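Hello,

Here is the structure I promised to pass on. My notes on helix packing and the core follow below it.

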Amino acid sequence: MENTPKDLRFNGEELLIKLNDGETVRVIKTGKGEPLVLIHTIRTQIEFFSEMIPFYAKNYTVYAVDLPGHGQSSINKNINYDEPYFRKSIIDLIAKLGLENITLVGESIGATLSLTVAASIPEKIKQVIAVNTYDYETRYADGIRRGNFIANIMLWNYSLPVHGAIFSAFENSFFLGLVMNGGVTHIKKLPSWLVKLFNKTGHKPGYHYLGRNVLSNWHSWAKAPEHYSQIKSTVTLIYGESDWSRSDERIQTLNKVPNAKLETIAKSGHFLSVDNPDALKQVVSKHLMATSLTS
């Protein structure tokens, strides 16, 4: 990879997979074992999991995905980037990679996608680890706006027609960091190298369209739980104690997912894989091992 930051803690084979709609998705493959598909949060990319990928790769072949339009995956301004589109893309990707008996691990919108994908192709999914599932929005960027005052103000500006497009064009590392730091509690702020990488990606041609389009489709994420009853695999829902979701919203998700267990990690926020990876590894290890012993 070009311009790989020194803090990056994983290596792997970079795959560029062409989907049925002609779009290209970047995947990093590493490790050895049964397949584990790793799906990142809103507005991030594979490098978000730099701390977690080596952990998963100890026992699994990890396929870390840049969601369509994100990271180094292609962007198309003719696409409506709603939850059904991302879900279809992940299912297409799984088919092209020829994966079976899959562990799905996702964070934020990646967690929601892990659950809807598991509901759509239950015969291929062994287990799901869903971290800070993002399925509770009632307005534009509702979850992100709960992070802090700056996030609320900036995302409100993003939501405005015409003005929002102009406003988003002036995004930089400083303001992006202020917004994203509303998703961490255990640490004071996200690592600067990671914010700089996200900011650099955010200036790719078409990325401002992508970002605003994903957020404008907030209703599709709120509808995602309608599919959860079709899940057949075991599911672990993991939340940071200070995640953007409220306790009642977490219980609503738990009640809609069959065979689900809920874990809470103290003093942690929304971006758990960066905010408190050591605690996350402990919780995930327990549930991955339990599933392995019963399979």
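**Helix pairs and core**

Ser173, Leu176, Gly177 and Met180 of helix α7 meet Val195, Lys196, Phe198 and Asn199 of α8. Contact means heavy atoms within 4.5 Å. Helices are DSSP runs (H or I, at least four residues), numbered from the N terminus.

The model is predicted: local features need pLDDT of at least 70, side-chain atom pairs count only at pLDDT 80 or more, and totals for chains, interfaces and linings use all residues. Residues are numbered from 1 along each chain as its sequence is written, and side-chain values use heavy atoms, without hydrogens and water.

α7 (residues 173-180) and α8 (residues 192-201) pack at about 115°, axes 9 Å apart. Axes are lines fitted to C-alpha atoms over the stretch in contact; angles run from 0 to 180 degrees between N-to-C directions.

The second pair is α2 (residues 83-97) with α3 (residues 109-120), at an angle of about 65° and with axes 10 Å apart. From α2, the contact uses Glu83, Phe86, Arg87, Ile90, Ile91 and Ile94; from α3, Leu113, Thr116, Val117 and Ser120.

Now the core. The largest nonpolar core has 93 residues, and Leu38, Tyr56, Leu104, Ile144, Leu155 and Ile238 touch the most other members. Such a core is a set of buried (under 20% relative accessible area, 1.4 Å probe, protein chains only) Ala, Val, Leu, Ile, Met, Phe, Trp, Tyr and Cys residues joined through side-chain atoms within 4.5 Å. α3 gives the most to this core, seven residues.

Beyond its neighbours within four places in sequence, Leu38 contacts Phe49, Ile53, Tyr56, Val62, Tyr63, Ala64, Val65 and Val105.

Best wishes

Key:
Helices (H or I, at least four residues) and strands (E, at least two) are DSSP runs, numbered from the N terminus. Buried means under 20% relative accessible area, exposed over 50%, partly exposed in between (1.4 Å probe, protein chains only).
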